[in-house]
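The sequence and the structure are shown first.

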Amino acid sequence: MKRHLISAADLSRADALLILDTAEELAGLADRPIKKLPTLRGRTVVNLFYEDSTRTRISFEAAAKRLSADVINFSAKGSSVAKGESLKDTALTLEAMGADAVVIRHGASGAAHRLAGWVRGSVLNAGDGTHEHPTQALLDAFTIRRRLTGQGGTGGREAPPCAGGPGGASPRVGTARGAGLDGLRVTIVGDVLHSRVARSNVLLLSTLGAEVTLAAPPTLLPHAVGSWPCAVSYDLDSELPKSDVVMMLRVQQERMTAAYFPSVREYSRRYGLDVARMARLPEHAIVMHPGPMNRGVEIAAEVADSVRSTIVEQVANGVTTRMAVLYLLLGGTEFPATEFPAVTR
Amino acid sequence: MCAATNPVAGRDGLAVLDAEEIRRALTRIAHEILERTHGGDEVILLGIPTRGVPLARRLAARIGEFEGLKVPCGSLDVTMHRDDLRLHPARALGRTDLPPGGVDGKTVVLVDDVLYSGRTVRAALDALNDLGRPRAVQLAVLVDRGHRELPIRADYVGKNLPTSQREVVHVLLAEVDAQDSVTISDDGRQP
């Protein structure tokens, strides 16, 4: 593991599997009477949020608190940023307060990368502009693995270890531990151009062996999409019957500065997931959405509330996955001093 | 132990217990557990990963053979409660698997392969504390090698093994390592 988590591309397959396996073990915590571990006692995690966010900030906060870390929430609104303080000066302030990790969400792509050069703690990218959102990709991968590799989660917990047979080569029976997403077909649908979730997912899911296809109108695909490790289609209907996972992206009205499609209604007709389209999916396929949803635009209400939908599960898995990331970055020995970036003032 | 002066032992480790002796030790511990807990009612065996887990399963199977009693067993990962986390890079977690019904009001027997400093057991007691309130907690180990750093002792011991702190005790179990043996070597190299 590297010191920071800035891009899903920083994660090797082994790193990604370590995070997912750690999350798998931490998932049991949610069922216990005391949902807390002492592991990060005395460490400080700063949530530095320059953009509005509900689930990501709360998710990181819950994850850090369940590991007993101290959490400082910082949102740009009503802070010194409103008075014109730069990111760097804010970073140096946090540095002086002894933050062991900074979770940053920022409207500018590359903000997390810049921040990593200014602070000694670990930097976790919680979304930078239209660039990346690696923990979302991790929780999506975790959700896909639990649902579709068929061994993780409840299946593993139901099997009592006494009845686990002779054990064989593996001491763990009935877990998805170590499994990748090899051969699974994931279709990511919608506003790829503005989506940090799509980019992180393409990178991570392909690292884990999944075959990713982007289905979007040409106007909502980035220019460089040809160099991404995925296929591209303009026709959602032809992709649905061969998809194991359909991941719907939010139509990001706040980033739509040009006319990317004629009308919301036309977009919804061609790329929205309604009941008729869902019926074309294979029996086992799941529907994902990173939230917040625009019901009736990219996803119909009936689809969002169907049994195939993993939307609520994704939120629960988000806390678990972020706990795994925080534990792996902060739980062990501090990274050697030689790896500290030069703090330039 | 004069492992250092014996080139064969230095490389392969000196055999302490073979498969047959491990089997006998576990049989004795199973009987002792039944005796000390007055028939094994309300007993749960919790193995500490990695090798405590198959040992707990074997003990449960043994108790089942003797008394026709199904003793619930599970695993208890202590990684998150260790006191030496910051001395190593973050480690992968083991599995915590509680039998249905939990630990409340039960007699929990913790099972591990080697008892050394006692720090793992302390972490296990902390981890257990977050899972419920057992009526009593006991400790079963295959090998007690001494050098305790905390006021902790085992209730059931497969073999007391006097060691020097330089020496390393290796426990191999068929479920994990494809063979059963306990060896001791001088240098920390795997046998």
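## Basis of the description

Two residues are in contact if their C-beta atoms, placed from the backbone, lie within 7 Å. The model is predicted: local features need pLDDT of at least 70, side-chain atom pairs count only at pLDDT 80 or more, and totals for chains, interfaces and linings use all residues. Residues are numbered from 1 along each chain as its sequence is written, while chains are lettered from A and ligands numbered from 1 in the order in which they are written.

## Contact between the chains

In the model, 24 residues of chain A are in contact with 29 residues of chain B. On the side of chain B that touches chain A, two or more residues come from each of helix 3 (52-67), strand 3 (73-75) and helix 5 (174-177) of chain B; helices (H or I, at least four residues) and strands (E, at least two) are DSSP runs, numbered from the N terminus. Helix 3 of chain B gives the most, with four residues.

By class, this side of chain B has 15 nonpolar, seven polar and seven charged residues. Here Ala, Val, Leu, Ile, Met, Phe, Trp, Tyr, Cys and Pro count as nonpolar, Asp, Glu, Lys and Arg as charged, and the others, Gly among them, as polar.

## Confidence in chain A

The pLDDT, which is the predictor's confidence in each residue from 0 to 100, averages 87 in chain A, and 89% of the residues score at least 70. Over residues 152-174 of chain A the pLDDT is below 50, and this stretch has 42 contacts in the model beyond near neighbours in sequence. The pLDDT is also below 50 over residues 337-345 of chain A, a stretch with six such contacts.

## Domains of chain A

Chain A is assigned domain 1 (8-133 + 317-339) and domain 2 (134-158 + 179-310), with bounds that come from an automatic or database domain assignment. The centres of the two domains, taken over C-alpha atoms, are separated by 25 Å.

Between these domains of chain A, 28 residues of domain 1 are in contact with 25 residues of domain 2. Helix 1 (13-26), strand 4 (122-128) and helix 12 (311-330) of chain A each supply at least two residues of the domain 1 side. The largest share of that side, seven residues, comes from helix 1 of chain A. By class, the domain 1 side has 12 nonpolar, 10 polar and six charged residues.

## A buried position in chain A

A:Ala101 is found in strand 3 (residues 101-106) of chain A. A residue is buried if 20 or more other C-beta atoms lie within 10 Å of its own, exposed if 12 or fewer, and partly exposed in between, with C-beta atoms placed from the backbone. A:Ala101 is buried because 25 other C-beta atoms are within 10 Å. Not counting residues up to four places away in sequence, A:Ala101 touches residues including A:Val45, A:Leu124 and A:Leu326.

## Architecture of chain B

Chain B has five helices and eight strands, and from the N terminus on its elements run α-β-α-β-α-β-β-α-β-β-β-α-β. Of the 191 residues in chain B, 45% are buried.

In helix 4 (residues 119-129) of chain B, the buried residues are B:Thr120, B:Val121, B:Ala123, B:Ala124 and B:Ala127. Strand 4 (107-115) and strand 5 (136-144) of chain B are among what covers these buried residues.
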